[in-house]
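Open the model in your viewer and keep the selection panel at hand. The tour goes from aromatic rings to a strand pair and then to a pocket.

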Amino acid sequence: LLSQQAVPLTVVILNNAGGGIFRSLPIAQFPDIFSPYFDTPHPHRFGLICQGFGLDYTQASTRDAFTVAYKNAQARSCPTIIEVITGADEHAPLAARMTAAAREVAGTLVL
């Protein structure tokens with residue numbers, strides 16, 4: 001599986017403790033319905049899952065911690081998972097910035 005590959009792949013997981021993606025939907029304007037049915041907070045982290053699959057894992061909750069984790073991941077010749085801990089309200093703008101950055105980098109790689 002992935003842990004057995006000598007591939008310098010970095011996977012970034014945005015963990016907002018659940019439900020943040022749904023805040024961009026119109027239903028979020030109705031808190032009496034939104035919170036019990038769409039906003040699904042959880043305390044889970046991905047570290048033990050990665051350990052179980054034999055994957056390198058780092059958790060980052062600040063920009064500086066992410067920068068260090070990303071640089072370290074790029075220096076490895078194996079897959080690395082970086083879990084970024086965010087607040088639920090931060091999900092949409094952070095995901096948009098990361099998507100734009102990924103597109104920019106991907107554009108330089110396409111022949």
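How many aromatic pairs does a search of the whole structure find? The search finds three. Rings of Phe, Tyr and Trp (its six-membered ring) pair if their centres lie within 6.5 Å; planes under 30 degrees apart count as stacked, over 60 as edge-to-face and the rest as tilted.

This is a predicted model, in which local features need pLDDT of at least 70 and side-chain atom pairs count only at pLDDT 80 or more, while totals for chains, interfaces and linings use all residues. Residues are numbered from 1 along each chain as its sequence is written, and side-chain values use heavy atoms, with hydrogens and water left out.

Select Phe34 and Phe38. Their ring centres are 6.3 Å apart and the planes lie at 5°, so this pair is stacked. Phe34 is buried, at 5% relative accessible area, whereas Phe38 is partly exposed, at 28% (buried means under 20% relative accessible area, exposed over 50%, partly exposed in between, with a 1.4 Å probe and protein chains only).

Next, select Phe66 and Tyr70. The centres of these rings are 5.9 Å apart with planes at 25°, so they too are stacked. The two residues are four apart in helix H3, which separates them by about one helical turn. Helices (H or I, at least four residues) and strands (E, at least two) are DSSP runs, numbered from the N terminus. Phe66 is partly exposed, with a relative accessible area of 23%, and Tyr70 is partly exposed at 36%.

Now show strand S2 (residues 56-60) and S3. They run parallel and are joined by five bridges; two strands pair if DSSP finds at least two bridges between them. Ala60 stands opposite Val84 in S3. From S2 the chain passes through H3 to S3 in a right-handed β-α-β crossover (with the strands pointing away from the viewer, the path from the first strand over the helix to the second runs clockwise).

Finally, display the largest pocket, which holds about 750 Å³ of space. Of its 21 lining residues, Val12, Phe66, Leu94, Met98 and Ala101 are the closest to its centre. A pocket is an open set of points on a 1 Å grid over the protein atoms alone, where a 1.4 Å probe fits, with protein on both sides within 12 Å along at least five of seven lines; lining residues have an atom within 4 Å of a point. H4 gives the largest share of the lining, six residues.

Technical notes. Grid points are joined across faces, edges and corners, and a volume is the space filled by probe spheres set on the points.
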